[in-house]
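Please open the structure in a viewer and keep the selection tool at hand.

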Amino acid sequence: MKHFWLYILLLIQTIGCAHTLNGNLTGLSGPSSTTLDLYRNPNSQDKLFVEIRLHDGTPRLFLLDTGSSLTAISQEVAMELNLPISPRPGKLVGISGSTNWMGSVVPTLRIGSFGFSDLPVAVGVPGIPTRVGMVPLAGIIGNDVLGQFQVVVDYPGNRLHLGRPDTFAVPPHAVAL
């Protein structure tokens, strides 16, 4: 578990990946807003998961990670989808060190009613879990995707609301990240 958090923190700051952090990803399509169900591990309610569909249309479970700069998928999912995987320049850097990384491009990623095309992703980052209990975990959704939206997390309702910028009125009790 210690390694999981270490590598999640490694994703916070990414050197050599500026092309994926330019603020607006190309290929975003969809309505002004969408709402998704959130899932939690009954043994540790602190982590939030969401269903994502990649280009094969299969629903997959991803961890929401607002501390990660990049979206990452497991090596197994990348191989299952026959994605080309190659070393990327630079390192994933965090407070405890750095690691080389491999990457690919996902042709299509759907989160609710929104779609992304040609999304750069990290692949097989050490320490990211591949299972939540008995359920396979396909990867993590990072700020390269989440940062495109106004994000409202309804913890009691287990719902995630995503909207294009200025879609929702920000309530006075909202907490900025």
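The stops below cover the nonpolar cores, the aromatic rings, a hairpin and the salt bridges.

This is a predicted model, in which local features need pLDDT of at least 70, side-chain atom pairs count only at pLDDT 80 or more, and totals for chains, interfaces and linings use all residues. Residues are numbered from 1 along each chain as its sequence is written, and side-chain values use heavy atoms, with hydrogens and water left out.

**First stop: the nonpolar cores**

Select Ile52, Leu54, Leu64, Ile73, Leu109, Ile111 and Ile141. In the largest nonpolar core, which has 28 residues, these seven touch the most other members. A nonpolar core is a set of buried Ala, Val, Leu, Ile, Met, Phe, Trp, Tyr and Cys residues joined through side-chain atoms within 4.5 Å. Buried means under 20% relative accessible area, exposed means over 50%, and partly exposed lies in between (1.4 Å probe, protein chains only). Strand β10 (residues 114-123) gives this core its largest share, five residues. Helices (H or I, at least four residues) and strands (E, at least two) are DSSP runs, numbered from the N terminus.

Next, centre the view on Leu54. Which residues does Leu54 touch, not counting residues up to four places away in sequence? They are Arg60, Phe62, Val77, Leu81, Val106, Thr108 and Leu109, where contact means heavy atoms within 4.5 Å. Another core, of 13 residues, lies apart from the largest one and includes Phe49, Leu61, Leu63 and Leu92.

**Second stop: the aromatic rings**

Select Phe114, Phe116 and Phe149, which ring pairs link into a cluster. Rings of Phe, Tyr and Trp (its six-membered ring) pair if their centres lie within 6.5 Å; planes under 30 degrees apart count as stacked, over 60 as edge-to-face and the rest as tilted. By this rule there are two aromatic pairs. Phe114 and Phe149 form a tilted pair, at 4.6 Å centre to centre and with 50° between the planes. Phe114 belongs to strand β10 and Phe149 to the loop between α3 (143-146) and β13 (150-154), 35 residues apart. Phe116 and Phe149 form an edge-to-face pair, at 6.0 Å and 85°. Phe116 also lies in strand β10, so this pair ties together parts that are 33 residues apart in sequence. Phe114 is buried at a relative accessible area of 0%, Phe116 is buried at 2%, and Phe149 is buried at 9%.

Move on to β13 and strand β14 (residues 159-163), which run antiparallel and are joined by five bridges. Two strands pair if DSSP finds at least two bridges between them. Gln150 has Gly163 in β14 as its bridge partner. Four residues lie between the strands of this hairpin, where Asn158 takes a positive phi near 50°.

**Last stop: the salt bridges**

The structure holds five salt bridges, each a side-chain nitrogen of Lys or Arg within 4 Å of a carboxyl oxygen of Asp or Glu. Which residues bridge to Arg60? The closest N and O atoms are 2.9 Å apart for Asp56 and 2.6 Å apart for Glu80. Glu80 lies in helix α2 (residues 75-80) and Arg60 in strand β4 (residues 59-64), so their pair ties together parts that are 20 residues apart in sequence. Arg60 is buried, at 8%; Asp56 is partly exposed, at 35%; and Glu80 is exposed, at 52%. Shared partners join Asp56, Arg60 and Glu80 into one network of salt bridges.
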